[in-house]
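Subject: Structure handover and notes

Hello,

Here is the structure for your files. Please have it open while you read the notes below.

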Amino acid sequence: MATKTKGNNCIMLREKGKLLTLTQSELKSKMMKLSPCIKVNYQQYVRLRKAKLLLDSLRCCGDVAPSKNQAVGSWNVADEQEKDLALFPNPGEINKFVPQCDPAREEDVKRLQEFVNCSKRLLVLTGAGMSTESGIPDYRSEGVGLYATSTNRPVQYHDFVKKAEIRRRYWARNYVGWPKFGYFHPNISHITLANWEKHGKVHWLITQNVDALHYKAGSKNITELHGSAHRVMCLNCDHTMSRPDMQVLIESYNPNWSAQSDEMAPDADVQLTPEQIEGFNVPPCPSCGGNLKPEITFFGDNVAKHVVDFVRQKVDECDSVLFAGTSLQVYSGYRFAATAQDKNKPIAILNIGPTRADKIAQLKINAKCGDVLPKIKLWR
Ligand SMILES: [Zn+2]
C-alpha cells in the first residue's frame, strides 16, 4: 500500500519487506525501468503508478498535512484493480475481430499435421489473423477488419516524416491506445508455435505483426518483418527506447492532457477528433531533440534490405513453409511465398479467406488459426 509522507513531496512504498521513501523523480525512474508490457511486471507497475497518481493528487490539492505515514483511506484498491483490469480485452469481445468461418475439418487438421511432421526445418510466417483471436483487429478481414468497419486509415510513412501535425495526431492517438494495446495477451496459436520451437520444429518464425505477442508467448527465433510497436526510435540519431518508457515521457510532457476512445486499430492507433488532440505535446528525442517514431514499418516505407535478405536466407535454409493468419496481400510478405516457390519448398496456408499465394500452395486450409494449430500433434 502506498502512503504519503509528511512534507508531501515523497511517497513511501513497501517493497520486498522494506519501506522505501521515494521522491517524484526517483519514483518516475523506477517506473521507467519497468516494462509494463510484460505481464509479470504488471502488478509492480500498477503499484508504482498508483503511488505516482497519489503524489500528483497531493501536489494538485496542496498540502493536506498528514501527520504521520498515514495510509490513504480513500485509496480504494479494489476499484483501482477493476479499472486496470478494464484495460484487458473483455473475454466476451475477444472474437469480435475474427471473421465468420466454419469449424476446421478433421481431414484438414490431419493434412496439416502430416505437412508439419514431414518437415524438419519449418519456416512459419504469421500475419494479423494470428492476433485477431487475442482481440486485436486487422486491416483487411471481410466485415470485421479496420477497412470494413472504419474510415480510419493507417498513417503513411512520408506524411509522418514530413508533417509535424501528422506526428502530433499519431502520438496523441497512440498514447491513448497504448494502455490497452500494450497488454494484449498471446492466444493459443502463439503458444502452440512457441511450443513447436521448443521441440525443434520451427526453424524460424517471421511475423508481420507489431504486437510482440509471439515474444510474450515464448518464441525466440523471430524476425518482426514490420518492426514492433513496443520499441521507439529517433529519426535523427540512433537513440532507441521501449514503448512503455515513451509512455512515461509523453505523460511528463502532457500532465494535464487526456482523451478517450473506444476504437482500436492494429498498431495501437485509436480514433480521436481534432478537438481532442488540441493541446497535446509531442516529446522530442531525449538525446538529440529529433523526431521520435515507433519502430514500425509504416505504409509507404520499405522493409530494410538486410531484413529481407535475412528472411530470404531463412527460406533457403528451411524445407517447407507455413503461412498462418495472413492473406499475403502486401508484397513485403508475399515475396517470401514467391521465393519459396522458386526454391521448390512446399507451402501450406492456414487462413480465413483467400490469399494471394493460394495457387502456389500444396495445402490450403480455410479456418481459424486457433481452431487448427493446437490440434496438431508433433511426432518428430
Ligand atoms: Zn535523437
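The model is predicted: local features need pLDDT of at least 70, side-chain atom pairs count only at pLDDT 80 or more, and totals for chains, interfaces and linings use all residues. Residues are numbered from 1 along each chain as its sequence is written.

Helix 12

Helices (H or I, at least four residues) and strands (E, at least two) are DSSP runs, numbered from the N terminus. Helix 12 covers residues 305-317, 13 residues in all, and spans 18 Å from its first C-alpha to its last. That is close to the expected 18 Å, where the expected span is 1.5 Å times one less than the number of residues. V311, K314 and V315 are buried in this helix (20 or more other C-beta atoms within 10 Å of the residue's own; 12 or fewer is exposed, in between is partly exposed; C-beta atoms are placed from the backbone). On the face turned away from the buried side are the exposed residues K305, H306, D309, Q313, D316 and E317. The cover over the buried residues includes strand 5 (122-126), strand 11 (320-324) and helix 13 (331-342).

Helices 7 and 10

Helix 7 (residues 164-181) packs against helix 10 (residues 243-253) at about 115°, with the axes 11 Å apart. Axes are lines fitted to C-alpha atoms, for helices over the stretch in contact, and angles run from 0 to 180 degrees between N-to-C directions. The two helices are therefore roughly perpendicular (65 to 115 degrees; under 35 is roughly parallel, over 145 roughly antiparallel, the rest oblique). W171, Y175 and W178 of helix 7 meet R243, Q247 and I250 of helix 10, a contact being two C-beta atoms, placed from the backbone, within 7 Å.

R243 is buried, with 22 other C-beta atoms within 10 Å. Leaving out residues up to four places away in sequence, R243 touches W178, G182, A229, H230, R231, V232 and P294. V232 is 11 residues from R243 in sequence and 5.8 Å away, C-alpha to C-alpha.

Two positive phi values

A212 is not a glycine but has a positive phi of about 60°. A212 sits in the loop between strand 6 and helix 9 (213-217) and is buried, with 21 other C-beta atoms within 10 Å. N344, also not a glycine, has a positive phi near 55°. N344 is in the loop between helix 13 and strand 12 (347-350) and counts as exposed, with 6 C-beta neighbours inside 10 Å.

Regards
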